[in-house]
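Reader: Could you walk me through this structure slowly? I am new to reading models like this.
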Amino acid sequence: QVQLVESGGGLVQAGGSLRLSCAASGRTFSSYVIGWFRQAPGKEREFVVAIRWSGGSTYYADSVKGRFTISRDNAKNTVYLQMNSLKPEDTAVYYCAAGYPRRGWSGDEYDYWGQGTQVTVSS
């Protein structure tokens, strides 16, 4: 019922910035929580941040607090992840997900996933 498409990934130097987008089709985000996750080669999937569409409350992983900002655009049905002060350890495939999670930080709580977008941060 929901399709998610990430975009905006690329190659950036350490200290640089990228903005990722997660666009939904099929229905609106109005009743969902949208989460961003990332996975580096050989690593487990890691929670990054989530936003509750209704009201806009957010929850950030400690590793990205103060550097990443999640936001939403109601008209475009799109969630953004602004990533500043990027570090090499931020290198991963980034995925957005939608669902009704009880807490928001576990990928098992999300029902719909995008295809991912590669973020590479060079030193």
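Author: Ala-97 lies in strand β9, where strands are DSSP runs of E with at least two residues, numbered from the N terminus. This is a predicted model, in which local features need pLDDT of at least 70 and side-chain atom pairs count only at pLDDT 80 or more, while totals for chains, interfaces and linings use all residues. Residues are numbered from 1 along each chain as its sequence is written, and side-chain values use heavy atoms, with hydrogens and water left out.

Reader: Is Ala-97 buried or exposed?

Author: Ala-97 counts as buried because its relative accessibility is 0%; buried means under 20% relative accessible area, with a 1.4 Å probe and protein chains only.

Reader: And what is Ala-97 in contact with?

Author: Leaving aside neighbours within four places in sequence, its contacts (heavy atoms within 4.5 Å) include Leu-4, Phe-37, Tyr-110 and Trp-113. The C-alpha atoms of Ala-97 and Tyr-110 are separated by 6.1 Å, although these residues are 13 apart along the chain.

Reader: New topic: how many disulfides does the structure hold?

Author: It holds one disulfide, a term for a pair of cysteine sulfur atoms within 2.5 Å. Cys-22 and Cys-96 form it, with their sulfur atoms 2.1 Å apart. Cys-22 lies in strand β3 and Cys-96 in strand β9, so the pair ties together parts that are 74 residues apart in sequence.

Reader: Are those two cysteines buried or exposed?

Author: Both Cys-22 and Cys-96 are buried.

Methods: Helices (H or I, at least four residues) and strands (E, at least two) are DSSP runs, numbered from the N terminus. Buried means under 20% relative accessible area, exposed over 50%, partly exposed in between (1.4 Å probe, protein chains only).
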